[in-house]
Amino acid sequence: MADYEVPTLTGEGYCEVPAVREDVMKGKGPFIAKPAFQEAMHFPSDFAEIGELVPNWKERALDKMADLKGRYRSLQVFLDICVKCGACTDKCHYFIGTSDAKNMPVARQDLLRKVYRRYFTFAGKYFPKLVGATDLTEDVLKDWYNYYHQCSQCRRCSVFCPYGIDTAEISMAAREILDHVGYGQKYCNEILGKVYKIGNNLGLPGPALFDTVEGLEEDVEDDTGIKVRFPLDEDGAEVLLVTPSADFFAEPHIDGLIGYAKVFHETGVTWTLSTVASEAGNFGMFIGSYETMRRVSLRVREAAIKHKVKRIVFGECGHAWRVAYSFLNTLAGPFDFLDQRYPIPQHILEFTWGHLQAGTLKIDKTENDDKVLTFHDSCNVARGSRMGDAPGGQFEIPRHVIRAVCNNFVDMPADTIHDATFCCGGGGGLLTDDLMEIRVKGAQPRAEALKHVTTHNGVTHMAAICAICKSQFTKVLPYYGFTMDQIVSVHQLVSNAIILQRQVSVQARPDEEEDEDDDA
Amino acid sequence: MTFVSILYGLLFWAATLILVGGVVVKVRQYWNTPAPLKIPTTPAPVTQRGVVWRMFREVVFFQSLFRSNKTLWLFAILFHLSLWLVLIRHSRYFVDMNDFLVFMQPFGRYAGFTMVLGLAGLWARRFLVDRVRYISAPSDHLMLALLIAIGVSGLMMSFVTHTDVTQVKAFFGGLLTFGFFGDEGLPADPIVLIHLLLVALLMIIFPISKLMHAPGIFFSPTRNQVDNPREKRHISGWALELERQGKLYLDELKK
């Protein structure tokens with residue numbers, strides 16, 4: 001199946017910390033973006049071919065580093081204050097899975113920190129060997145490119161650091177510097193180009209989306225006998241739903257989308273998807289570019305204004321929810337034109353949980369009795385956002401919803417859930433086929449925890465609330481002996497259990513109502 | 001007044017200037033650098049008071065480190081708490097003795113041992129744990145060696161060869177009031193001179209080294225931010241300028 005060794009699982013629930021080995025994952029890194037992609041992203045594109053650097057790359061890289069550390073307190077402080085205590089060294093899933101020394105969070109940060117010290121600190125300028133400072137060379141840049149694309153920016157190291165140093169912040173800065181010297185990542189930058197041009201990561205144009213939602217309406221009607229609407233670009237709806245584009249066609253994502261639609265249908269809250277903002281994910285965060293992240297976020301504002309909605313709700317998507325919850329107000333606010341009685345933005349799970357508590361939804365939990373569920377806390381939801389009013393709501397609300405629609409739920413071992421959760425292995429811009437080895441190895445800690453509950457507690461399915469987690473797991477867990485369909489969306493479970501009471505959608509189109517009458 | 005005393009007097013004035021000036025420069029840099037995004041590591045407090053409490057737990061109990069690694073936490077807390085006791089004991093050289101300082105003297109005296117023990121544990125990790133060995137630069141080893149040497153030379157004076165502490169106090173009292181190094185200068189004991197030389201070195205490297213973690217942690221955005229991005233709009237000056245000028249990219253801004 002692969003030309004590298006896939007880790008074997010013990011079923012103990014945890015992974016032994018491996019002995020450090022050097023250069024196990026040394027390599028070229030993911031495919032590099034061609035000049036045209038860089039240009040579309042407003043990054044320098046004055047290099048002729050993939051793999052070449054821009055002229056004066058060294059000066060320009062250092063200028064960018066100076067610029068970034070002047071604009072981000074996190075970067076400046078984190079570069080200075082690490083004491084090399086080693087608390088983070090055994091916390092990264094990529095280190096655990098690969099044993100490569102440079103996948104220890106502090107070692108990953110040091111790739112950049114050594115250069116920072118050399119050019120920006122007294123000790124590094126005059127005593128480079130003493131403090132481990134290095135010159136910026138082409139080889140150093142290549143090492144950056146390789147190892148900063150073995151970080152999923154999941155923030156697990158930041159939880160355990162006594163100073164809260166977040167390797168994600170360093171990775172983002174490194175990627176932004178690389179983007180300014182000709183080493184952009186093809187996967188992220190090509191996708192961002194599609195968002196600018198077409199509106200979503202997958203490049204699904206408007207007509208294709210209309211076809212898709214129409215197909216979904218037919219499917220749900222065949223299944224339930226009720227015309228549940230999937231409104232697209234419908235002005236005046238109360239809610240704008242922004243969801244990852246994978247929800248429109250991939251399994252198990254699409255079952256989640258059907259779940260959202262059924263919830264909206266039952267609650268009678270009018271909603272719409274948008275062709276302008278047909279993507280919740282924001283890869284601008286992965287590449288560390290505030291400007292990109294803001295430009296992508298402004299589409300959500302544009303769509304909200306265009307469709308005259310009163311609320312914004314985000315679908316199941318991990319990094320998207322971090323950007324939405326933590327950054328949207330900053331990047332695309334203020335949202336004074338929306339209904340201030342609701343959180344802006346709101347997570348679909350907050351919406352559904354609210355209605356489950358209010359008793360608006362009729363649920364038959366036995367519909368999910370064929371499953372024993374566990375829940376994978378998505379890294380960026382767990383450590384970079386919140387749901388509800390109280391800290392930790394991001395852990396409680398998804399579990400409340402699962403328990404409200406399923407009879408059988410078991411958590412994985414405590415040091416692999418909540419804010420100690422392990423990343424799926426595919427986050428932060430790594431969900432691309434040219435990075436399969438690191439994706440497979442990085443999934444080991446989660447696979448180990450899952451194996452534990454499948455063996456000891458009879459768990460059959462793992463629910464997730466992130467498009468990347470779902471895609472990554474369906475692709476990678478089979479390497480560990482699981483099957484693709486063991487990964488489910490949380491709203492897929494809601495969809496299974498919900499008993500539709502409302503015969504006609506509040507958003508039914510006039511001609512359809514006649515159809516309904518005819519059928520009846 | 002010996003030549004050595006004059007040299008030490010000048011050295012401590014310079015070291016103090018570098019320590020205070022250097023830390024002020026770095027802290028001003030941290031203070032003035034914007035934090036454009038809300039990035040607290042969640043779950044995070046939703047109020048400012050909560051943040052103060054979170055920071056208190058980090059700074060006093062090393063909460064995150066405790067979660068991370070119990071052995072490391074033990075050595076770290078042993079060293080830092082002992083250092084505080086030792087520092088309190090040493091304040092007798094700069095202020096008049098009072099009841100509190102008298103009470104603290106024995107604690108500070110024996111804390112020297114636990115301080116060196118903690119440091120020895122931290123140093124041992126740099127050799128024994130392969131991951132920590134990999135990430136250690138020469139400066140990381142030397143920093144521990146320096147602190148241990150300071151601790152051991154200090155202990156020597158408490159338990160082996162006593163020095164004239166009254167004379168030392170007079171010397172530093174003189175420095176503090178610019179009274180020219182006291183009447184008699186420093187005692188001519190090699191141990192006290194070594195101890196003080198190393199302390200001066202530590203003060204000098206403080207602002208240009210990882211010792212900046214002490215003031216730096218208070219500026220760590222993942223620990224000092226309130227988790228309220230939906231309720232309160234957070235925006236930095238440079239980002240606001242993009243909005244004001246209606247631009248997407250910073251290089252399009254008019255200065």
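**Briefing: chain contact and domain arrangement**

In this predicted model, the side chains of B:Arg67 and A:Asp419 form a salt bridge at 2.9 Å, N to O, where a salt bridge is a side-chain nitrogen of Lys or Arg within 4 Å of a carboxyl oxygen of Asp or Glu. Because the model is predicted, local features need pLDDT of at least 70 and side-chain atom pairs count only at pLDDT 80 or more, whereas totals for chains, interfaces and linings use all residues; side-chain values use heavy atoms, with hydrogens and water left out. Residues are numbered from 1 along each chain as its sequence is written, and chains are lettered from A in the order in which they are written.

**Chain B against chain A**

- Between chain B and chain A the count is six salt bridges, and 45 residue pairs are in polar contact, both at pLDDT 80 or more (a pair of N or O atoms within 3.5 Å; within protein, one must be able to donate a hydrogen and the other to accept it, and residues adjacent in sequence count only if both atoms are side-chain atoms).
- On the side of chain B that touches chain A, H6(B) gives the most, with five residues, helices being DSSP runs of H or I with at least four residues and strands runs of E with at least two.
- The contact, meaning heavy atoms within 4.5 Å, takes 64 residues from chain B and 88 residues from chain A.
- The two chains bury about 6,100 Å² between them, 57% of it on carbon and sulfur atoms; this is the accessible area (1.4 Å probe) lost on being put together, summed over both.
- B:Arg131, B:Arg230 and B:Tyr249 supply 14% of the area that chain B buries against chain A, more than any other three residues.

**Fold of chain B**

- Chain B has 12 helices and zero strands.
- The radius of gyration of chain B, taken over C-alpha atoms, is 23 Å, well over the 18 Å that the globule rule (2.2 Å times the number of residues to the power 0.38) gives for 255 residues, so chain B is more spread out than a compact globule.

**Domains of chain A**

- An automatic or database domain assignment divides chain A into domain 1 (35–184) and domain 2 (192–497), whose C-alpha centres lie 30 Å apart.
- In domain 1 of chain A, 26 residues are in contact with 36 residues of domain 2 of chain A.
- Between these two domains of chain A the count is zero salt bridges, while 10 residue pairs are in polar contact, both at pLDDT 80 or more.
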